[in-house]
Amino acid sequence: MYHNKRSAVSTVPNEDPIRVGFIGLNFSRGWALKTHRPAILQLSSQFVITAVYDENEQMATNTIQQLKLVHATPFSSLELFSSFQHVDMIVVSVQASKQYELLMPLLEFSRRNSNLKYLLIEWAFASNLQQAEKVYQASAIRGLQTVVALQGRKSPYIQRAKELIHENHIGGINSIEISCNACWYGYERPRKFADGMFEMGSGLDLVTTTFGHTMDLLQYITGSYFSKINGLVFNNIPEQMLVDDSGRSMGRTSAKTVPDHLLFHGCLQRGNVPVSCTIKGGKPTKKFTKNFIIDIHGTRGDIKIEGDAGFAEMSNLVLYYSGTRVNDIPIAGANGHPVHPSLDQGKEFMEVYHLRNYDAVHGNIFRLYQSIADFHFNTKNIPRLPSQFIMQGFEFEGFPTLMDGLIIRRLIDSVYKSNLIGATLDVSHILQFPSSI
């Protein structure tokens, strides 16, 4: 499993680490604290935090002090933060609804920082497609190497599925079925969740988050974009019951304008493969079925990916493979000693791939950072490695860029258009680069 191996380089001797400036890092809460900070700690020879931005300068100072970021400078001015010369990479880890208003001036101000090379943005990197297109164009004009947090691509289970298909172990793909549970959008809403998460236009709706991440993974695994799609979007739960931290009803409701159900059908360009997908909101049910399932049926084998939550990009998964034996999977002989796989080639085989100690919430983000370091320092000694690339596409190496994210953004927009006009749409045009670039 060459493609699924971590880099063998844990330190980079005689090289300065990538200096990181953070927007959205807070010492007491938040996604950046939970995932980005641990990833950087584990890669301390490759990354160092040198700047923290917060509108409240005291909060930025407190974050630096509490997290012992001894090399970091606090900023409450976006202009000064963006132009700070001691930053090679800026990470924007805030809600999608706030990203556009930060990114556009940041990209302009950052022209004064000649050292800035990387820009990492959380999904969905804007509230809507129009904003996403503008962010992409501005970053392309600025000449930055972009990274978008579609970190599910770095999941070892997704990489394993991609390997099996890439190496033709299931033959040609006949059909794909997907079922997900997007638990936030059901009948109950935890009181700790912000109301903006349940309002259209926030960039956090069921189609943008669960569907967006899932379709990115599917296209990445299969090595194919969609040619035609049809979508039906429902909001059958316009009001949600608020519940406390223990799940008990608080006796009042709150309005919801985002969808709670999606029915999606599509056709992959490669092989004309039919894809059906159902995503529903509601309390996850573990008694009867898994809350995330991808079934990929091939001419010589099948792949099933299962998870307990509908958010594959941060869920621990299990992969099942049924087909012919794969070359690098050792098997045990009668005496317990491993048998060389080539002696058993061609036989029907079932593989259950599960990493018991893997933590997807932290692990996928860690691998995303690791791939940036591998690219920056060329730790894998890849010949003729470009100084910059526009998109990862379906490559094993590298990381998803804003162009990869823009393709998913356009697919999401097409789903809403399909639902609005009640028609199947040709989406082959979504692969085009913006004409003004």
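1. Helices (H or I, at least four residues) and strands (E, at least two) are taken here as DSSP runs, numbered from the N terminus. The model is a predicted one, in which local features need pLDDT of at least 70 and side-chain atom pairs count only at pLDDT 80 or more, while totals for chains, interfaces and linings use all residues. Residues are numbered from 1 along each chain as its sequence is written, and side-chain values use heavy atoms, with hydrogens and water left out.

2. Gln95 lies in the loop between β4 (89-92) and α4 (96-109). Because its relative accessibility is 36%, Gln95 counts as partly exposed, the classes being buried under 20% relative accessible area, exposed over 50% and partly exposed in between (1.4 Å probe, protein chains only). Its C-alpha atom is separated by 8.5 Å from that of Ala124, 29 residues apart along the chain.

3. The axes of helix α6 (residues 156-166) and helix α7 (residues 207-222) come within 8 Å and cross at roughly 35°; axes are lines fitted to C-alpha atoms, for helices over the stretch in contact, and angles run from 0 to 180 degrees between N-to-C directions. With contact meaning heavy atoms within 4.5 Å, α6 contributes Ile158, Gln159, Ala161, Lys162 and Ile165, and α7 contributes Leu217, Tyr220 and Ile221.

4. For α7, 16 of the 16 residues are buried, so this helix is largely enclosed by the rest of the structure. Just after α7, Gly223 takes a positive phi of about 70°.

5. An open sheet is formed by 3 strands in the order β8-β10-β11, with mixed pairing; two strands pair if DSSP finds at least two bridges between them. β8 (188-190) and β11 (249-255) stand at the edges, each with a single partner strand, so one side of each has no neighbour in the sheet. From one strand to the next the twist averages 40°. β8 is joined by 3 bridges to strand β10 (residues 239-243), and these two strands run parallel; Glu188 stands opposite Met241 in β10.

6. How many disulfides does a search of the whole structure find? The search finds 0, a disulfide being a pair of cysteine sulfur atoms within 2.5 Å. Cys180 is in no disulfide, and the nearest cysteine sulfur, that of Cys277, is 5.3 Å away. Cys277 is likewise in no disulfide, its nearest cysteine sulfur being that of Cys180. Cys180 counts as buried because its relative accessibility is 3%, and Cys277 counts as buried at 3% relative accessibility.
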